[in-house]
Amino acid sequence: MSRPPFEVADIIRIAGDSFRQRYNASLTWPQRKVLDAIVRCRTAALGGHRDACADCGHQAISYNSCRNRHCPKCQTGARDQWLRKRQLELLSVGYYHLVFSVPHTLVPLMWQNKRQLFSLLFETSAASLLEVAADPRHLGAQLGLLSILHTWGQTLTPHPHIHCVVPGGGLAPDHARWIASRSNFLLPVKVLRRVFRGKFVAGLRRLFASDQLRFFGECMPLHEEKRFALFLRTLYRQDWVVYAKPPFGGPEHVLHYLARYTHRVAISNHRLLSVSAAAVRFRWKDYAHSSKQRTMTLASEEFLRRFVQHVLPRGFPRIRYFGLLANRRRAHMLPLCRTLLNQAPPAETSSAATHHAMEMSAVPWTHASRPTALGGTTLLRSTKGGIPA
């Protein structure tokens, strides 16, 4: 893919100062850190190194990446490393993709309690899948799944939702056999919606009772117990969306599919069409009208305001594993699943060797001395934490 003509970093350089002045009181420290990291990414500000070809002696300068997970330029390496690990965990079955979304009226409360309610969104969506799958009236099996949190819509407005990728089947309760799902059906979506809604509302009630929710601005009236109870009742009359996409093929299709979701940020640089001090124009998909490509123009400060809304709390994991794939169970359960599916163990050694050979052919450089100046102009300074771009 060719280098995009415009970057989010360009918008920060052009409009960042005025944006910070306007929203100084409401910007959090993680949001400030993201803005600083993106604008410094792959520049001399983060240092770098000089590489030299072992054959011809040609030299090239590589600047360091910021490694911030919200940076549009820093996700490829992390995504590829994550996908290599997941490749070793794939089962020889079909996979399903489900999406869990909450009503729009919950968004203000979620934005004031991101850590608590994003965690609740993870837990209740996964628990709904595991509970319905374990019911003998449906699948009667123990599932495994991975969940990915996205907080944005195509126009950068708040739209918290969870993408779940689920193998087509699970272990019988006695772990003696593999129970496969139907070829084009995993679980009833209407049942999942009802269970998901009940679990999420119950979780909200528990958080309120234990005084773990904060209320500001338009949500301030909800700090009263009666008004909060009334708010919870209204949630039962709204749409709770659980969307099951058509199943995709076997494990050979899963990694390519996951690459589109796992390390995505709110907007990619390739969607930007024009950037100026006054406005930003970008492409977006109108999913309400057959994914038609449209363009939107926002004031530069408004674009940055929408962008920083999606900075996650510090240390908050946006990819989690549940059921058979939970971190504490995966090492034991995956070999058992492969045995019941008559699937050979993954060839970890050959995969690692193939990846190493690809890296060596793509980057024919050897490390040389770190420069401080070239032609009288200082180019680089050493830094801790950056990685070569």
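## Getting started

Helices (H or I, at least four residues) and strands (E, at least two) are DSSP runs, numbered from the N terminus. By that count, the protein chain has 11 helices and 14 strands.

The model is a predicted one, where local features need pLDDT of at least 70, side-chain atom pairs count only at pLDDT 80 or more, and totals for chains, interfaces and linings use all residues. Residues are numbered from 1 along each chain as its sequence is written, and side-chain values use heavy atoms, with hydrogens and water left out.

## Two loop residues

Let's begin with Leu156, found in the loop between strand 4 and strand 5. Its phi is near 70°, a positive value in a residue other than glycine. Is Leu156 buried or exposed? Leu156 has a relative accessible area of 0%, so it is buried; buried means under 20%, exposed over 50% and partly exposed in between, using a 1.4 Å probe and protein chains only.

His175 sits in the loop between strand 6 (169-171) and strand 7 (178-180). Phi of His175 is also positive, near 60°, and His175 is partly exposed at 24% relative accessibility.

## The nonpolar cores

Of the 389 residues in the protein chain, 47% are buried. In soluble globular proteins, nonpolar side chains tend to be buried together. A nonpolar core is a set of buried Ala, Val, Leu, Ile, Met, Phe, Trp, Tyr and Cys residues joined through side-chain atoms within 4.5 Å.

The largest such core holds 52 residues, and Leu106, Phe200 and Leu204 have the most contacts inside it. Elements giving two or more residues to this core include strand 3 (95-101), helix 5 and helix 6. Apart from it lies another core, of 32 residues, and Leu156 is among them.

## Helix 5 meets helix 6

Helix 5 (residues 114-134) and helix 6 (residues 189-209) pack at an angle of about 140°, with axes 9 Å apart. Axes here are lines fitted to C-alpha atoms, for helices over the stretch in contact, and angles run from 0 to 180 degrees between N-to-C directions. The angle makes helix 5 oblique to helix 6; under 35 degrees counts as roughly parallel, over 145 as roughly antiparallel, 65 to 115 as roughly perpendicular and the rest as oblique.

Which residues make the contact? Among them are Leu117, Leu120, Leu121 and Thr124 of helix 5, and Phe200 and Leu204 of helix 6. Contact means heavy atoms within 4.5 Å. Leaving aside neighbours within four places in sequence, Phe200 also touches residues including Val102, Leu106, Met110 and Trp240.
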